[in-house]
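Trainee: I have a new structure to look at, and I would like to learn how its features are read. Could you take me through it step by step?

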Amino acid sequence: MLKLHAVLLITAFGTVAIFLTGQFASDYLSLIKYAKINESDVIPMLGIRRQNTCVTFQRLNNAMIEIDVKGHNIQLKRNKQNATKHLNVFVVLHSHVDPGWLYTFEEYYSTTDHSVRKILNNVVNSLRKHPKLRFIWSEISFLERWWSEANTTYRKYFKSLTDNGQLEISGGHWVMNDEATPYFWEVIENIIIGHQYVQKILNITPTTSWSVDPFGHGLMMPYLLMLSGINQMVIGRINSNIKNVLKQHHQLHFRWAQKWDPQFRWAPFVNTLPNVYYTVSDACGTNEMICCQFDVSRTSRSYCLERAHIDNTQQIALYGERMANQYRSLQTFYNSETILIAAGDDFLYSHPDDLEIVYRIYTALFKYINRNYDRFNMKVQFGTVANYFNALNKNTKKSASVLNGDFFPYMDDEFSKAPFWIGFYNHRAYFKCFERIIQRELRLVDLLTVTIENNFNNDLEMARRNLALCIHHDAITGTSKCHVMDDYMLRLRSALQTILKEQERLLNISNNTFTTMLINDSVKTKGMYLRRRTLSFTDGIESYKIQIVNQKAFSTMELIKLNISSSFVTVTHDGKQLTIQLVPLLEQSNLFELIYNDGSMETNFDFYFNQIDDYGGAYTMVSGLSFQNISNKGRLPAIIIKGPIYSSISQQLSPQLAYSITIINSTDDIARSLQIDVFTNVTSMPGYTFFMNLNSTIKNDDHFYTDINGMYLIQRKYDKRMKLEANIYPMITETMIEDDKLRCTILGAQSTGVTAKLGVFMLMIDREMYNDDGKGLGYYEASKSYPSHLKYRIIFEPKWLSRNDYVDKEIVEEKNQ
C-alpha cells in the first residue's frame with residue numbers, strides 16, 4: 001500500500017498568495033505600516049487593479065534644464081563665464097582608502113606599508129600639532145576598526161578634532177559605494193550604518209559628500225543623500241568628453257535634479273573635480289608636470305622630475321608662483337570666486353613625516369601667495385569640504401545651472417586602448433548574484449522584526465556591515481584581486497549564516513520546518529549553484545509545515561519549488577488541498593521537484609545567446625569584430641516539461657552555458673511572464689563576454705529604458721555612431737522597450753549591463769577576463785568568474801489596454817461571482 005505524505009503551507013503577512021524565495025529584487029518595497037480605521041473611513045476603490053496603477057508625476061520641463069546629459073552627449077543652453085579677480089582657495093587633504101582592492105580589508109588596515117592604522121594615527125598627531133591644518137575622512141568601516149583598538153586618549157583627540165572643525169567626516173558611509181551596480185536598498189543600508197556609527201561615537205551627522213572614485217555617477221546618490229540630510233556633493237569620475245564641455249562652459253558647478261522634481265527639492269549642489277583623479281598631481285591645476293611638484297609626501301607615488309623646496313626665498317617665490325598659477329587656471333571651470341583643490345592619493349600620509357612635510361612646505365607657499373595679494377588676488381588655506389561649501393557665495397549656488405541626466409557609461413580617455421568602463425557591470429557575475437541573495441534575506445529579517453515588534457538583534461550588526469562592505473566600488477564591481485574577492489565572499493557567507501539563524505529565531509521554527517527553500521550548506525562553495533533543501537520523508541516523518549513569507553507590500557503569485565524525497569505528496573493550505581506538479585530531478589533520480597500555482601497562460605518569443613571577443617579587463621570592455629552565436633548544434637536534446645502548474649524547456653548549449661525557460665500556467669496579471677534561468681561556467685573561456693538576446697517585433701527604434709538602481713526608469717538611446725560598449729548601460733533590476741502597441745520588460749535578480757535597438761535586447765550574462773586594461777589590475781588578477789545561476793523574468797504588456805479596461809474587467813468578474 002502506498003503511503004501519502006503531506007506538506008502544509010503557512011503564509012505570513014496576511015495578504016500573501018505565495019512567495020518564491022530567491023526571486024526578483026526589483027519587487028522589494030518598503031514595509032507599509034497599516035493603521036486601524038473605522039468602516040466609515042474606508043474609501044472604496046472599485047475596479048482598480050493595483051499592479052496596473054501608474055502614478056504620474058510632474059516632470060522637469062525643457063525650460064528648467066540648462067545642462068542635459070544623455071550617454072555620451074551633452075547639451076548646454078548658455079555659457080556662464082563671469083570671471084572674478086579674487087580667488088578663495090581651499091586645499092583639502094584626504095587619503096583614499098579602499099576597504100579591499102589589491103589587498104584585503106585587514107591587510108590594508110594593519111599589514112601593508114601604507115596601513116590605514118598608521119594614516120589615522122598620523123592624522124590625529126599632525127592636526128593636534130598644527131591648528132591650521134585640516135583633513136577629511138570618508139570610509140567609516142576603517143574608522144570603526146581604528147576606533148575599536150584606539151585608547152581613550154586618542155578617541156578624545158579624534159573627537160575634539162571633529163568638534164573644532166579641523167577634521168571633517170565627509171560622506172560618512174560605511175564604504176564609498178559603487179553607483180552603477182548596487183540596488184538602492186543596499187545603499188540606504190550603507191549610509192545608515194555609517195551615519196549611525198559616527199553619530200554614536202562623535203555625535204555628528206555628515207553634511208557633505210565626498211565620492212570621487214566610483215566609475216561613473218548616477219541619479220541614485222543625489223536623491224538618497226538629500227534624504228539623509230546632505231545637500232552638497234563632491235564627485236570625480238564622469239565622462240571625460242562631457243567634463244571637457246562643462247569646463248569650456250565654466251559649469252563644473254551645477255544642481256543635479258531628478259527628472260520628476262520640478263521644484264528641485266531633491267537637487268543637491270555638486271562640485272566636480274576638474275580632471276580624472278583626486279590626487280595632488282591631477283587635481284591642483286591644468287599642468288600635471290607642475291602639479292606633481294607639490295606631491296611632497298614621503299609616501300608619494302607620483303613620478304616627477306622635481307619637488308617643491310622652500311630652503312630659501314627664491315625657492316619659495318618660484319614654487320609659490322607656480323602653485324598660484326595652477327590654482328588660478330581652475331577658476332574659469334567653475335565660474336566662482338571659491339575653488340576646492342583635492343590634495344591626496346590612495347593610502348597617502350602613512351609615514352609620520354608625510355603631513356609634517358606637507359604642512360611645512362604648503363604653509364610657506366600659502367604665506368607667500370597671501371602676502372602678495374596685490375599680485376595674485378588670491379587667498380589660500382587648508383580647508384575641509386564643509387569649509388569650501390560654506391565659503392561659496394549663496395548666489396553661486398542659487399544661480400547654478402540645473403543638470404538633467406546621469407554619467408553612465410563612464411569613459412576616462414577616448415584615446416586609450418580601453419576607454420569604456422562597462423565591463424564591471426557584469427564582471428564576476430557570481431558575486432553580484434550572491435550579494436543580492438544576502439540583501440534579500442536581510443530584508444526579510446528586517447520585515448519580520450518590525451512585524452512582530454521585536455527588538456533588532458545585535459548579532460546582525462556584523463552581517464549588515466559585511467553586506468555594506470561588499471557594495472564598495474571595488475567589491476560588487478568584481479574589480480579586486482582574486483584573494484580579495486574570496487575574502488569578500490567569506491564575509492558574505494558569514495553574513496548569510498547569521499541572517500538565516502535570525503530568521504529561524506524570529507519565526508520560532510522547529511527542526512522540521514524551514515523558512516528558506518533555496519539556500520543551504522552549499523553556500524560554502526565558491527560558485528552560485530545553491531541547491532534547495534530536501535524534505536525527506538524518512539525516519540517516521542510524514543508531514544512538514546512550510547512557512548512562506550511575502551516581502552512585498554501587495555499580493556503576489558509565484559512558483560514555490562521544493563525538493564522532496566517522495567512522489568506521493570499532498571499539499572494543503574487553510575485546510576484546502578492544492579493542485580501540485582511533480583517533476584523528477586534528472587540529476588537525482590530519487591528526488592522530485594514540487595511546484596504550486598494555478599491558472600493558464602500563452603506567449604511567444606525569440607530568444608538566443610551569443611559571445612564576442614573581449615579585449616578589455618575587469619573594468620572595461622573592448623569588443624571584437626562580430627558576435628558568434630551559441631547553439632546546441634544537435635548534440636544535446638532539449639528537456640521539455642508540461643504540467644498543470646507550469647511548462648518549461650531546458651537545454652545545455654555548451655560546456656559554458658545552459659538555460660531554462662518557464663511559463664506559468666496562469667491568467668493572473670502578475671504571473672503572466674516568462675521565467676529565464678541561465679547557468680554559466682565561463683572559467684574555461686577567457687577573453688569572451690557572453691550575451692543573452694531577446695528579439696521582439698517592438699518598434700522602439702534606438703530608444704530603451706534602464707532602471708536607476710531599482711528606483712525608477714530612465715530613457716537611453718543607442719548611438720549608432722559609437723561602438724557596442726559605448727551603448728551599454730547599467731541594469732540593476734529592470735530594462736524595457738516599447739512602441740505604441742506593446743511593451744516588453746526584463747527583470748533581473750542581479751545587476752548587469754544592457755543595450756537595445758530595433759526590438760532586440762542584449763544583456764551581458766557573464767565574462768572571464770585575463771587581460772590588463774590599464775585601470776589597476778594586472779594580467780590574471782581579474783580572472784576567476786565562478787559558476788553562476790542567473791535569473792530573469794520577461795513580461796509583455798499591451799499598450800492599448802487602458803485603466804478603464806481594467807475597471808470594466810473587474811466589474812464583469814464581480815458580476816460573474
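Mentor: Let us begin with the terms: helices, of at least four residues, and strands, of at least two, are DSSP runs, numbered from the N terminus. Please keep in mind throughout that this is a predicted model.

Trainee: How many helices and strands does the chain have?

Mentor: There are 18 helices and 37 strands in the chain. Buried residues account for 60% of its 817 residues, where buried means a relative accessible area under 20%. If we take the contacts between residues at least 6 apart in sequence, 75% of them join residues at least 24 apart.

Trainee: How should I read a pair of helices, and at what angle do the axes of α2 and α3 cross?

Mentor: In general, two packed helices are described by the angle between their axes and the distance between the axes. Here the axes of α2, residues 116-129, and α3, residues 140-149, come within 10 Å and cross at roughly 75 degrees. Because angles of 65 to 115 degrees count as roughly perpendicular, α2 is roughly perpendicular to α3. On the α2 side the contact is made by Val116, Arg117, Leu120, Asn121 and Val124, and on the α3 side by Phe142, Leu143, Trp146 and Glu149. Sorted by class, this contact has 6 nonpolar, 1 polar and 2 charged residues.

Trainee: Which residues of α3 are buried?

Mentor: They are Ile140, Ser141, Phe142, Leu143, Glu144, Trp146 and Trp147. Since 7 of the 10 residues of α3 are buried, this helix is largely enclosed by the rest of the structure.

Trainee: Which residues touch the most other members of the largest nonpolar core?

Mentor: A nonpolar core is a set of buried nonpolar residues joined through their side-chain atoms. In the largest one, which has 186 residues, Tyr327 and Tyr362 touch the most other members. Leaving aside neighbours within four places in sequence, Tyr327 is in contact with Leu87, Val89, Val91, Cys284, Ile339, Ile341, Tyr362, Phe366, Met378 and Val380. Another core, of 18 residues, lies apart from the largest one and includes Phe269, Leu340, Phe389 and Ala400.

Trainee: What is the relative accessible area of Ser647?

Mentor: The value is 22%, so Ser647 is partly exposed. Ser647 has its place in strand β26, residues 646-654, and the C-alpha atoms of Ser647 and Asn665, 18 residues apart along the chain, are separated by 7.4 Å. With residues up to four places away in sequence left out, Ser647 touches Ile641, Lys642, Ile661, Thr662, Ile663 and Asn665.

Key:
Residues numbered from 1 in each chain as written. Predicted model: local features only at pLDDT ≥ 70, side-chain atom pairs only at ≥ 80, totals over all residues. Heavy atoms only, no water. Axes fitted to C-alpha atoms, helices over the stretch in contact; angles between N-to-C directions. Parallel < 35°, antiparallel > 145°, perpendicular 65-115°, else oblique. Contact = heavy atoms within 4.5 Å. Nonpolar A, V, L, I, M, F, W, Y, C, P; charged D, E, K, R; others polar. Core = buried A, V, L, I, M, F, W, Y, C linked by side-chain atoms within 4.5 Å. Buried < 20%, exposed > 50% of the residue type's maximum accessible area, 1.4 Å probe, protein only.
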